[in-house]
Amino acid sequence: MPLRFCLIVLYGGLLASATPAVEGWAWPSDQYRLDEALRLGYATVEPLPEADHGSGIAVTAAPPESLVLRANRNAPAQPIAQSPELAPAGPLAEGTIVETFDQPETLDFDVPIIRTAKVDKHVLFFSSHIRDRFEIWLGRLERHRPMVERIFTEFNLPVDLAFLSLVESGFSTNAVSRAKAVGPWQFIKSTAKAYDLRVDNWIDERRDPVKSTIAAARYLRDLYQLFGSWPLAMAAYNAGERKVGRALVRARADDFWDLTDTKLLKRETKEYVPRFLAAALIAKDPTRFGFTVPSQTPVEYEEVIVTRPIHLRTAALAAGVSYAELKALNPELRKGLTPPDPTYHLKVPVGSKETLLSNLETYQDWKRVRAKRYQIRRGDTWTLLASRHGTTVTAILEANALDKSDKPKPGEWLLIPQPIKAKS
């Protein structure tokens, strides 16, 4: 057992090197506040939980090739080498010694779900005090669930882990924590980059449902291989693998439930697994708990490869769809414009791809825009850039969806509008 503890701390350190400790957490408006639960007495939690990992619209129309391969077409090797014999096959509640009660009938879970007093407190909180919000979360997840389950299946993960996104963000692409964790799976920037999610001034793939789900699947698989237990893996997803590893060593334990009787983990982490179990119980059979979740149509889209930056409003006009609809399909775009990449895969509603391509060249905005990529250097100012490139500060700011309060950041890329030559 001491050797196992040493390995956990060692490998946990490798994973945690990309996940610095972050104190404090701010739940967005569509998530329940833990201090509210504590005040009401429905869950023993603390108001400002920790989050080491960063917790980081869905796609349903499967591309011709694998979702995993497509979303990681340029991804480097995974942080931890994977091997078939380590594929997670253990139950979420394996090895528990807590007393269970009111065991539910079998609901076709792919993992065992237990009932404890803490789990039931969260069930009561979800189904009564934040009932309306939780119903919204269930409906939102339902639109993305086929995609999540497909990816988790490809990674040989229990598909019921999809319900973890409910307690992370309610599967909201707009969720942002006080610790700057972003997206459906609540990744902080360092963990996102460790799992090949692009985060820069143009793109934040933590908000991309497919790519962030793939990153979450990889991270969860790494954590399971490290700890050999789903409760411990989920606790590490919340608190960070280093903290969970140290707690196991200090407690001389090898089970999550043993740690709940110690002061080695914060209350938020102790409540994280029971909260997941409660969400899973409800999500598996919402009607049993009085929820009405209308049938949801999974979001579908097509991809258009654009070779020049284009404003989303122009693209929406060309495709014959609303700007809001196009923005919802491309939540990773931090500006109302595609990045200055050689190519970019813009998602559009099914049936609008050909319309967009046929109409795009007829729009003057698309024809008139002349811009080049420029990487900001130290010492650059908006005035200096405008003077150097023969344009105006206003033109640069407009081309990059910026305002004067934004400062040039060395290393980031800009679009520099080029003067339009008068026709002779």
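A network of salt bridges links E142, R145 and E149 in this predicted model, in which local features require pLDDT of at least 70, side-chain atom pairs count only at pLDDT 80 or more, and totals for chains, interfaces and linings use all residues. Residues are numbered from 1 along each chain as its sequence is written, and side-chain values use heavy atoms, with hydrogens and water left out. A salt bridge is taken as a side-chain nitrogen of Lys or Arg within 4 Å of a carboxyl oxygen of Asp or Glu, and the count by this rule comes to 14. Between E142 and R145 the closest N and O atoms are 3.4 Å apart; because these residues lie three positions apart in helix α5 (residues 131-154), about one helical turn separates them. Helices are DSSP runs (H or I, at least four residues), as are strands (E, at least two), numbered from the N terminus. With buried meaning under 20% relative accessible area, exposed over 50% and partly exposed in between (1.4 Å probe, protein chains only), E142 is partly exposed at 31%, whereas R145 is buried at 15%.

R218 forms a salt bridge with D196, with 2.5 Å between the closest N and O atoms. This pair links distant parts of the chain, 22 residues apart, R218 being in helix α8 (residues 209-227) and D196 in the loop between α7 (189-194) and α8. R218 is buried, at 3% relative accessibility. In the salt bridge between D200 and R198 (2.7 Å, N to O), D200 is partly exposed at 24%, and R198 is likewise partly exposed at 27%.
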